[in-house]
Amino acid sequence: MAQREICIYPDDVLRQKTIPVTEFSRTLHTLLDDMRETMYAAHGVGLAAPQIGELVRVTVIDVSDSGDEPVEFINPVITAREGNVPSEEGCLSIPDFRDTITRSERVTVDAVDRNGAPFQVHAEGLLAICLQHEIDHLEGILFIDHLSRLKRDMFKKKWGKRM
Ligand code: ZN
């Protein structure tokens, strides 16, 4: 396993759409292991492949208290949504910025595991939020895109000063 560098906004790779995984090979397993290590090193609860510059439809999430229950989602798709909740979010690719957006309260996600076996998750709470955040990444969408125009302008001002 190797820790990988996390791409930081406004890196263009964060705006690209990913392609679905078709080969469940050692290359994929190495990528997943690297993502897991990178996520834990950064103290994140989720990491999407574009965040380390890989444009494939893969995310790793661990919302457990113990931080040792990673779940790998290959080719995840949200197939159902229910309700709305406010969600205060941050992103490893947008350091030192947090804000509140609206997410679906519950989601159903269809995905496959690292060997290509399909599974389905009915998620709520932090897992539901995290899945929406990470699956957005796979479409080139960042949580700041869900901010109101006013808040987004504030973000741009703040971020512009940092650059
Ligand atoms: Zn993120």
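Cys91 is buried, at a relative accessible area of 11%, where buried means under 20% relative accessible area, exposed over 50% and partly exposed in between (1.4 Å probe, protein chains only). The model is predicted: local features need pLDDT of at least 70 and side-chain atom pairs count only at pLDDT 80 or more, while totals for chains, interfaces and linings use all residues. Residues are numbered from 1 along each chain as its sequence is written, and side-chain values use heavy atoms, with hydrogens and water left out.

The SG atom of Cys91 coordinates the zinc ion together with NE2 of His133 and NE2 of His137, at 2.1 to 2.3 Å. Donors are N, O and S atoms within 2.8 Å of the metal (3.2 Å for Na, K and Ca); water is not among the atoms, so sites may look incomplete. Along the chain, the donors of the zinc ion have the spacing C-x41-H-x3-H. Because Cys91 belongs to strand β3 (residues 71-91) and His133 to helix α2 (residues 125-138), the pair ties together parts that are 42 residues apart in sequence. Helices (H or I, at least four residues) and strands (E, at least two) are DSSP runs, numbered from the N terminus. His133 is also buried, at 8% relative accessibility.

Gln51 lies in the loop between β1 (46-48) and β2 (58-61) and is buried, with a relative accessible area of 1%. Leaving aside neighbours within four places in sequence, the residues in contact with Gln51 include Cys91, Ser93, Glu134 and His137; contact means heavy atoms within 4.5 Å.

The strands form an open sheet in the order β1-β2-β3-β4-β5, with antiparallel pairing; two strands pair if DSSP finds at least two bridges between them. Since β1 and β5 (118-124) stand at the edges with a single partner strand each, one side of each is left without a neighbour in the sheet. Between the antiparallel strands β1 and β2 there are three bridges, and Leu47 stands opposite Val60 in β2. Helix α1 packs on the sheet, touching β1, β2 and β3, and its direction makes about 40 degrees with that of β2. Axes are lines fitted to C-alpha atoms, for helices over the stretch in contact, and angles run from 0 to 180 degrees between N-to-C directions. Helix α2 also packs on the sheet, where it touches β1, β2, β3, β4 (94-112) and β5; its direction makes about 95 degrees with that of β4.

The buried residues of α1 include Leu28, Leu31, Leu32 and Met35, and their cover includes β1, β2 and β3.
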